[in-house]
Amino acid sequence: LDASQLRVRNRLGRAHIKLGQLRLAEEAFKVVLESVAGRGAQEKQARDEARSWLRQVQAVRSLLARLERQCAGLEWGAVSATATEVLKEDFCPHFAHVREVKLKSLCRLRRWAEAKAVAESFASPSRGGAAGGIAPLRVTDSRGMLVLTEGRLLERLQRMEGQIGLMYVEALKNLPTVDMSQLSELLQMLAHVLARINRDSAERSTTGRPHWTADACERILKMLEAKQRGDDGFKRASLSSVEDAIQSYTEAMAVDPDAERFNAVLYCNRAACYQHLGRHRDAVLDCTAALRFEPTYAKAYLRRARANRALRNFTDAKKDYHSYHKTAPSTAESLRVDVELAELEREQWVYQQGRHGGGGGGGAGGGG
């Protein structure tokens, strides 16, 4: 090989590194080092560069070994940091597997907005083109109301493949900027777009294998249908229909555990069913589960406050009423909550008077 061919081999090796194809990169650099071409300055420079790039390959392998250990230990914060290091521009910015690991770590850390942004940076700017990033998708306005359209969502998802697309959908489902009242609409939009991509893919497919969007769409639709059955049963308000609603919400929860914020809605709705049946302890448990998924869910605080009030857990009820005020916008409901809180104070005083035989006020009320 002459000097120009050695330079081409080095460029080939560097391209393989950027794609994470380390074995192919090593082979390209070894060709340069083993070449019997001339010993001039240009050939020497090419060999020195090949040795330098081989050292970089070893550095990447060391990072990948660390990444594997961190993934095995579920150390998602460390996984995210190491994956970021591997994906640096002068290392392996287009390493598909590490991109997936990076996104997975962000989803496990519930850093949904960051996961969305990273997925968009990994996408192809043109359908079928090389990955290079796309413009960020605006989902909501400042009040959390959806401004997203199916057309814009379709444009983004068409440029994503496999695991990157799946985790992008997961991030969208859980974006904290989306108001809780808008989640069903967001999921319906996602289902429509995923179904369209799946149909288009099936028409072009020569393998017969289902596209990644098929399962994602089916899960969303199944969850929404089960929730609608629950909503309808609760509205009918008979004993049997509310019990059926509980079953429907339970089924919906099992469909898509990754849709954490929507599952918070399902838990809160099931809590309403339990309250309707007088099962206040179960209502408290479900509201607590909802708040694990969405710690700022005002409706869950209010529902738990009312359940705790029914159980005469006065101290917990007051905490929940105050948490509701911290997380809810000021509305007519807020004024009703102020009335409820005043009534709770009176109930607690009467309850304590009864327990102490009409004596002076005692400590905070306990559980019923």
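## Basis of the description

The model is predicted, so local features are given at pLDDT of at least 70 and side-chain atom pairs count only at pLDDT 80 or more, while totals for chains, interfaces and linings use all residues. Residues are numbered from 1 along each chain as its sequence is written, and side-chain values use heavy atoms, with hydrogens and water left out.

Helix H8 covers residues 162-173; helices here are DSSP runs of H or I with at least four residues, strands are runs of E with at least two, and both are numbered from the N terminus. At 1.5 Å a residue, its twelve residues should span 16 Å, and the separation of 17 Å between its end C-alpha atoms agrees with this; the expected span is 1.5 Å times one less than the number of residues.

Nine of the twelve residues of H8 are buried, which leaves the helix mostly covered; buried means under 20% relative accessible area, exposed over 50% and partly exposed in between, with a 1.4 Å probe and protein chains only. The buried residues are Ile-164, Gly-165, Met-167, Tyr-168, Val-169, Glu-170, Ala-171, Leu-172 and Lys-173. Their cover includes helices H5 (96-108), H6 (112-122), H7 (150-157), H9 (183-204), H10 (212-236) and H12 (260-276).

## Two helix pairs

Two packed helices are described by the angle between their axes and the distance between the axes. For H2 (residues 22-34) and H3 (residues 41-72), the axes come within 9 Å and cross at roughly 155°; axes are lines fitted to C-alpha atoms, for helices over the stretch in contact, and angles run from 0 to 180 degrees between N-to-C directions. H2 and H3 are therefore roughly antiparallel, given that angles over 145 degrees count as roughly antiparallel, under 35 as roughly parallel, 65 to 115 as roughly perpendicular and the rest as oblique. Their crossing is left-handed, a term for a near helix turned anticlockwise from the far one by less than a right angle, with clockwise being right-handed. Residues of H2 that meet H3 include Leu-22, Phe-29 and Leu-33, and those of H3 include Trp-53, Leu-54 and Leu-64. By class, this contact (heavy atoms within 4.5 Å) has twelve nonpolar, one polar and five charged residues, where Ala, Val, Leu, Ile, Met, Phe, Trp, Tyr, Cys and Pro count as nonpolar, Asp, Glu, Lys and Arg as charged, and the others, Gly among them, as polar.

The axes of H12 and H13 (residues 280-293) come within 8 Å and cross at roughly 170°, and these helices are therefore roughly antiparallel as well, with H12 passing H13 in a left-handed crossing. The residues of H12 in this contact include Tyr-267, Arg-270 and Tyr-274, while Asp-286, Cys-287 and Phe-293 are among those of H13. The contact divides into ten nonpolar, three polar and four charged residues.

## Single residues

Ser-184 lies in helix H9 and counts as partly exposed at 21% relative accessibility. Beyond its neighbours within four places in sequence, Ser-184 is in contact with Leu-224, Lys-227 and Phe-262; the C-alpha atoms of Ser-184 and Lys-227 are separated by 9.5 Å, although the two residues are 43 residues apart along the chain.

Ala-237, in the loop between H10 and H11 (239-255), has a positive phi of about 70° although it is not a glycine, and is partly exposed with a relative accessible area of 37%. Arg-312 is found in the loop between H14 (298-310) and H15 (314-327); its phi is near 65°, a positive value in a residue other than glycine, and at 42% relative accessibility Arg-312 counts as partly exposed.
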